[in-house]
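Have the model open beside you as you read.

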Amino acid sequence: MEQNQFVIAAIILALVIAVLAPFLASGNPDGLESAFFSMYGAKTVTGADLDEGQAGLAEEQVVETTGNTFEFEAPMPDYSIPGMDKAGEVTAIVAGTVLVLGLVWGAGRLIARPEQ
Amino acid sequence: MHIPDGFIPLYQDVIYWIIAIIFISLALKWARNELNDEKLPLIAVLAAGIFAIQAMNIPIPFGTSGHMVGAALAAIVLGSPYAGVFVLTLVLIVQGVIFADGGITTMGANIINMGVVGGFVGYYGYTALMKVTDNTYASGFIAAWAACFIAALLCAVEMAVAGTFPLVAGLISMGLYHAIIGLLEGGITAVAIYLIATARPDLMEHSAGVSA
């Protein structure tokens, strides 16, 4: 495959994944969150059920333990646009994919001096 | 395994950031010397694909889910652990700043776990396994699994130092979940290597050349 074809095919594949992700992604806690909730009594290590109330308390409790109260308002929290449903999630992940593509390409272009 | 802000005390975050910045500067040096016209588009599309696939949490048992990290893949395909550090640093900045996935204060720790451990275990695991098995896909699968698993264990140690998790319970639960999540990491890494090797065998020959 030619370089341009390859790059375009890869970008299309990334965008297809980005569009499908909100429909296929699991809402279960990830490995670190699940471990965290099991430490703080919101679930058992191997159990499937999450106690939402206890999970909320756990998040307050850990901030008390570490003393790290830093908070930051991200524009598209949890890959969603506040007030929008699945369309917002698709938009968020597609926007992020394009942003990462541009950022890595741009940063690489600025930094790279392979000839010297 | 993106650590949120509240999970680590600030003074420890500073230490992780300093270590991360050392590796980031080495990754920038790698990028300056290595990113030619052929590799620059490859690393950019790999990063975009890694970001997209990271957003897709796949369910595993125990009411849990996991997703690809991708540093091992980037390191294997581009032939350097620093490719993993470079890609994951930029991906984690976008995830933390725009999407609140992973904290800002804890980003240094996340860059160490996913970028540095992912890149180094992925790359050196792959090159070592290639010498033994001479099988690109098996080597990629196992190296990427190990990258995920070891990063999770390091994360559990950081949580113990932070006072967030007890050490042994943390190692067991993080190890259990990521032993399974690592299978996703390994599987997707092997498939991606196959796709890249099929479309552009010349690119993989450069990086697979380390086995020669």
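Helix 2 of chain B passes helix 3 of chain B in a right-handed crossing, where right-handed means that the near helix is turned clockwise from the far one by less than a right angle, and left-handed anticlockwise. Helices here are DSSP runs of H or I with at least four residues, numbered from the N terminus. This is a predicted model: local features need pLDDT of at least 70, side-chain atom pairs count only at pLDDT 80 or more, and totals for chains, interfaces and linings use all residues. Residues are numbered from 1 along each chain as its sequence is written, and chains are lettered from A and ligands numbered from 1 in the order in which they are written.

Who touches whom? On the helix 2 side of chain B, Lys39(B), Leu42(B), Ile43(B), Leu46(B) and Ile50(B) meet Ala74(B), Val77(B) and Leu78(B) of helix 3, with contact meaning C-beta atoms, placed from the backbone, within 7 Å. By class, that's 7 nonpolar, no polar and 1 charged residues (Ala, Val, Leu, Ile, Met, Phe, Trp, Tyr, Cys and Pro count as nonpolar, Asp, Glu, Lys and Arg as charged, the others, Gly among them, as polar).

Now hop to chain A, where helix 1 (residues 3-24) and helix 4 (residues 86-111) pack at about 150 degrees with their axes 8 Å apart.

How values were computed. Axes fitted to C-alpha atoms, helices over the stretch in contact; angles between N-to-C directions. Helix = DSSP H or I, 4+ residues; strand = E, 2+ residues; numbered from the N terminus. Contact = placed C-beta atoms within 7 Å.
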